[in-house]
Each structure stands twice: as structure tokens, then as C-alpha cells.
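Trainee: I would like to learn how to read a structure like this one. Please take me through some of its features.

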Amino acid sequence: MSALQEDYRKADLNPADRAMLDYVAKLTREPWNMVEEDVSTLREHGFQDQGVLDINQVAAYYAFVNRIADGLGVQLESYWES
């Protein structure tokens, strides 16, 4: 299994990709702690408003779909196990 699959923090990533994944991890794990600085950090790494919105919406969409599946007891295929 690659470092990215196991733990993105162990992977050899460029600073912009790491900032994006840090943002997504925080949004996923503790959305109540998101602050304006989280968005500012993405901008400092070169993300424009559309890119920040795209990152946010993709993360939110997957959280939404996973909560629906979890709430209904749906077993999803595991991409990583194939």
C-alpha cells in the first residue's frame, strides 16, 4: 500500500497538495473548527476561489454520501482492497 493510501502525511507531496489534504482532513474530521485561516492557507498555496470551492464541495459531497450510506447500513465496495 502506498504512503498516500495509508496516511497522506507520510507521502512525498508538494506543499499545495499537502495543504489541500490538510484542509480536507480537517473539514472531514472536525468541521466545527474550520476558520477563515484554513481558506487563506489554500490561497497562499496558489488555490483560487474556484479551486477552494471545488475542494470544499468534493469533500462535503463525499461526507454527505458516506453518512447516507452509513445511516442506511449500506456496505460499499472498498476501492483500496481490489
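**Reading a helical chain**

Mentor: Helices (H or I, at least four residues) and strands (E, at least two) are DSSP runs, numbered from the N terminus. This is a predicted model, in which local features need pLDDT of at least 70 and side-chain atom pairs count only at pLDDT 80 or more, while totals for chains, interfaces and linings use all residues. Residues are numbered from 1 along each chain as its sequence is written, and side-chain values use heavy atoms, with hydrogens and water left out.

Trainee: Is Arg43 buried or exposed, or in between?

Mentor: Buried means under 20% relative accessible area, exposed over 50%, and partly exposed in between (1.4 Å probe, protein chains only). Arg43 has a relative accessible area of 44%, so it is partly exposed. Its C-alpha atom is 33 Å from that of Asp70, 27 residues apart along the chain.

Trainee: How many helices and strands does the protein chain have?

Mentor: There are four helices and zero strands, and the pattern along the sequence reads α-α-α-α. The C-alpha trace spans about 40 × 30 × 20 Å along its principal axes. Of the 82 residues, 18% count as buried.

Trainee: What is Leu21 in contact with, leaving aside its neighbours within four places in sequence?

Mentor: Contact means heavy atoms within 4.5 Å. With those neighbours left aside, Leu21 touches Leu4, Tyr8 and Leu13. Leu21 belongs to helix α2, residues 15-29, and is partly exposed at 24% relative accessibility.

Trainee: How many residues does helix α4 have, and what span is expected?

Mentor: The expected span of a helix is 1.5 Å times one less than its number of residues. Helix α4 (residues 49-72) has 24 residues and reaches 35 Å from its first C-alpha to its last, close to the expected 34 Å. Just after α4, Gly73 takes a positive phi of about 70 degrees.

Trainee: Which residues of α4 are buried?

Mentor: They are Val52, Ile55, Ala59 and Ala69. The cover over these buried residues includes α2 and α3 (36-44).

Trainee: How do the axes of α2 and α4 cross, and where do the two helices meet?

Mentor: Axes are lines fitted to C-alpha atoms, for helices over the stretch in contact, and angles run from 0 to 180 degrees between N-to-C directions. The axes of α2 and α4 come within 10 Å and cross at roughly 35 degrees. From α2, Met20, Tyr23, Val24, Leu27 and Thr28 meet Ile55, Asn56, Ala59 and Arg67 from α4. By class, this contact has six nonpolar residues (Ala, Val, Leu, Ile, Met, Phe, Trp, Tyr, Cys and Pro count as such), one charged (Asp, Glu, Lys and Arg) and two polar (the others, Gly among them).

Trainee: How many aromatic pairs are there in the whole structure?

Mentor: A pair of aromatic rings is described by the distance of the centres and the angle of the planes. Rings of Phe, Tyr and Trp (its six-membered ring) pair if their centres lie within 6.5 Å; planes under 30 degrees apart count as stacked, over 60 as edge-to-face and the rest as tilted. The search finds one pair. The ring centres of Tyr61 and Tyr62 are 5.6 Å apart and their planes are at 80 degrees, so the pair is edge-to-face. Tyr61 is partly exposed at 48% relative accessible area, and Tyr62 is exposed at 52%.
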